[in-house]
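The report below works through the strand pairing of one model and then turns to individual residues. Please keep the sequence and the coordinates at hand while reading.

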Amino acid sequence: MKSRRFMLSVVLMSLSTVAFAQTDAQKPVAQSDAQKSFDTIKTLAGVWDAKLTLNPPMPGMNDKDTPGQISMRVTSRGNALVHEMYSVGVPDDPTRYDHPLTMLYLDGDRLNLIHYCDAGNRPHMVARNSPDGKTVEFDFADISGGTQRGHMHHAVFTVIDANHHTEDWTFMMPGDKPMRAHFNLQRTPGGSAVSNK
């Protein structure tokens, strides 16, 4: 008789454990701020026409002389976003022209950005939480490669709507003189989001 009561109590405890486990499994897991920021950035997948403003201005580098485009593509089963800047009508010749590539990805609770620069280095930046949910700001963390030709130091992505966003990039020139590039971006006709979310 005692063995039956013991077995019954073991079975009831097992069932309650399974019931609690199922209840816990059904609770939604809260998204981290980094995941929310990454999801915001991934909505920008597509091709964008870019109007560029430089501060300070540089001769030969503005939207009238070199119209630009930016392509953004979600890849790696949704775990990374590839961002590439290029000038329209300029050949894809990496020995002569700049086509900088940037990778964005999550690592734990941090949204990371690595910029593969024509200055020969790879600055790493980490996103800062955005109170408005539409702005993702990246602060410099560290760098691989030399800084003698300057380096990218800061980036801000701001979503205006599904077809318009801005990007602000700060490049630290030799001697730590900042040059700021503001991109006003409009989604190209047919440049709909290509996302694997």
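Strand S2 (residues 68–75) and strand S3 (residues 80–87) are paired in the antiparallel sense over eight bridges, where strands are DSSP runs of E with at least two residues, helices are runs of H or I with at least four residues, and both are numbered from the N terminus; two strands count as paired if DSSP finds at least two bridges between them. Within this pair, Ser71 has Glu84 of S3 as its bridge partner. This is a predicted model, in which local features need pLDDT of at least 70 and side-chain atom pairs count only at pLDDT 80 or more, while totals for chains, interfaces and linings use all residues. Residues are numbered from 1 along each chain as its sequence is written, and side-chain values use heavy atoms, with hydrogens and water left out.

The pairing is part of a closed barrel of ten strands, which runs S1-S2-S3-S4-S5-S6-S7-S8-S9-S10 with antiparallel pairing. On average, neighbouring strands of this sheet are turned by 25° against each other, direction ignored, with axes taken as lines fitted to C-alpha atoms (for helices over the stretch in contact) and angles running from 0 to 180 degrees between N-to-C directions.

| Strand pair | Bridges | Residue and partner |
|---|---|---|
| S4 (residues 101–107) and S5 | seven bridges | Thr102 and His115 |

Helix H2 (residues 33–42) lies across S2, S3, S4, S5, strand S7 (135–144) and strand S8 (151–161), and runs at about 145° to S4.

Thr135, in strand S7, is buried with a relative accessible area of 17%. Leaving aside neighbours within four places in sequence, Thr135 is in contact (heavy atoms within 4.5 Å) with Ser130, Val156, Phe157 and Thr158. Tyr86, in strand S3, is partly exposed at 25% relative accessibility, and its C-alpha atom is separated by 5.6 Å from that of Gln69, 17 residues apart along the chain.

Definitions and conventions: Buried means under 20% relative accessible area, exposed over 50%, partly exposed in between (1.4 Å probe, protein chains only).
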